[in-house]
Every structure is written in structure tokens, then in C-alpha cells.
Amino acid sequence: EIKMGAGASTQLENFGPSGNIDTVKTLCKDIGKDFDQAKFDELKDVDGNVTRAQLQELFNQDISEETTRDIEVEKISKLTTLHGKCYCGAIVFECIAENPSIIHCHCMGCREWTGGIAYSAVPTHSFTVVNGGIPKEFQRENGPKKFFCGDCGTGLCNNVVFGKVKFTVAAGILEEHSKIPAQLHCQMVGKVNWANTSADGLPTFDQFPTM
């Protein structure tokens, strides 16, 4: 649920999405190896993680237990503050994400909510309004809560419950959107037949993956 803090701020409950593509890229750079996106996508699990043995295969060299522990520590501590606002600027917000990435959800509800091919969103730990009013909310029967600006109608975020994921923030209204990598397509059972999801090479899931 949305929590109101001091100064009319809005705080969404925490959740912890996972995925270590950024730390793997950093390690590749540190050891002088080119990052192989196709190989990484082949090895990673549905959470976007790879094991030490898979890292060895990815880099084609031995990686010590100590290095692997360092990767996990970096992954856990790699939190990023993202910034955004609605179309009219009445709501300005910040959110904190762990290794932020974009998911494209193709379910009918998300398509109806956005009016587009899919809902492109970033799972985050928090959502705090730093300037402006309180977001409006709407919830259809058996559907997630959806928060939006009451003035211009911009969709801000969804309240979902899939594994550790509790909220997803609309990627297109984030200032850092061009720097956030896309991770996957999900709810493919609801995809429209004119949407080409194979062009970007991202993995696809019939339902929402555990994150």
C-alpha cells in the first residue's frame, strides 16, 4: 500500500528484484574480457543470475571463490536512485532500484492500462513523491493497484505481487530511461500478433517470472 510520509511524500513498500548483468559487465571489464550478451542470456536463470560455474564458462577462465563473493557483495550493494515525473509535472518522484532493468509486460491488463503494445516498467525498492500531490489510484476486480497523476493521467506505477516484486514503475517517465537495459518480455500469452518481440533478442516468458 502507499504510505504517506512527512511533506506529503509517498513511499511504496520495498521489494528486492534480482539480476546481476551489471556486475558481470564490470567483472568482464576488470579482467579484460569482452562481455558476451548472447552467452549471458543463454546461461542466466529466470532471475537474471548466473552461478560461479556459469561465470567460468562465460569468461572461459577460472574464477576464485573470493571473486564470486565479491560479485555477490557488489550485486547486493548496487542500488541506484532513479528520478521521474508525470507529463504535466505535478508529481515529481524518486525511486530506488537494485541493478535496475526494464521488463515488458504484454498482458491484456497492461496493454489496456497503457494503450500500447506492452507496459515497460522497472521493478524498484521504493517510490517517493518528492514534490507534488498524492497519486490517484485505481484497482479493477482481481487486478493490481495502479497509481497515476490525477491532473494529466500519466501512469506512474503498478502494485503487483509476483515473488519478491511488489511494485513496477513506468520506464518511459524516468529521466534515466535511456541508461537502463531491457531485461525480458513476459506474459507472452497476452501478446498482440503484430508485436515483434524477437527483434531485440530478449528472453520471453509466458507468465511473470520470479524476481
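Predicted model: local features only at pLDDT ≥ 70, side-chain atom pairs only at ≥ 80, totals over all residues.

Trainee: Is cysteine 186 buried or exposed?

Mentor: Buried, at 0% relative accessible area.

Trainee: Switching topic: how many aromatic pairs does the structure hold?

Mentor: Two. One is phenylalanine 93 with phenylalanine 127, a stacked pair with 4.4 Å between centres and 25 degrees between planes.

Trainee: Where do those two sit in the chain?

Mentor: Phenylalanine 93 is in strand 4 (residues 91–98), while phenylalanine 127 is in the loop between strand 6 (119–123) and strand 7 (128–132). They are 34 residues apart, so the pair links distant parts of the chain. Phenylalanine 93 is buried at 1% relative accessibility, and phenylalanine 127 is buried with a relative accessible area of 1%.

Trainee: What about tryptophan 113 and phenylalanine 148, how are their planes set?

Mentor: At 65 degrees, with the ring centres 6.3 Å apart, so that pair is edge-to-face. Tryptophan 113 belongs to helix 5 (residues 108–114) and phenylalanine 148 to strand 9 (residues 145–148), so parts 35 residues apart in sequence get tied together. Tryptophan 113 is partly exposed at 25%, and phenylalanine 148 is partly exposed at 22%.

Trainee: Now the core. Which residues touch the most other members of the largest nonpolar core?

Mentor: Out of 30 residues, they are Leu82, Phe93, Val122, Phe127, Leu156, Val169 and Leu174. Both members of the stacked pair, Phe93 and Phe127, are in that list.

Trainee: Which strand gives the largest share?

Mentor: Strand 4, with four residues. Strands supplying at least two residues each include strand 5 (102–105), strand 10 (155–162), strand 11 (165–170) and strand 12 (182–186).

Trainee: Last one: what does leucine 82 touch?

Mentor: Leaving out residues up to four places away in sequence, its contacts are Phe93, Glu94, Cys95, Ala97, Pro100, Val122, Leu174, Glu176 and Ile180. Among them, Phe93, Val122 and Leu174 are also on that list of core residues touching the most other members.

Key:
Residues numbered from 1 in each chain as written. Heavy atoms only, no water. Buried < 20%, exposed > 50% of the residue type's maximum accessible area, 1.4 Å probe, protein only. Phe/Tyr/Trp six-rings, centres within 6.5 Å; stacked < 30°, edge-to-face > 60°. Core = buried A, V, L, I, M, F, W, Y, C linked by side-chain atoms within 4.5 Å. Contact = heavy atoms within 4.5 Å.
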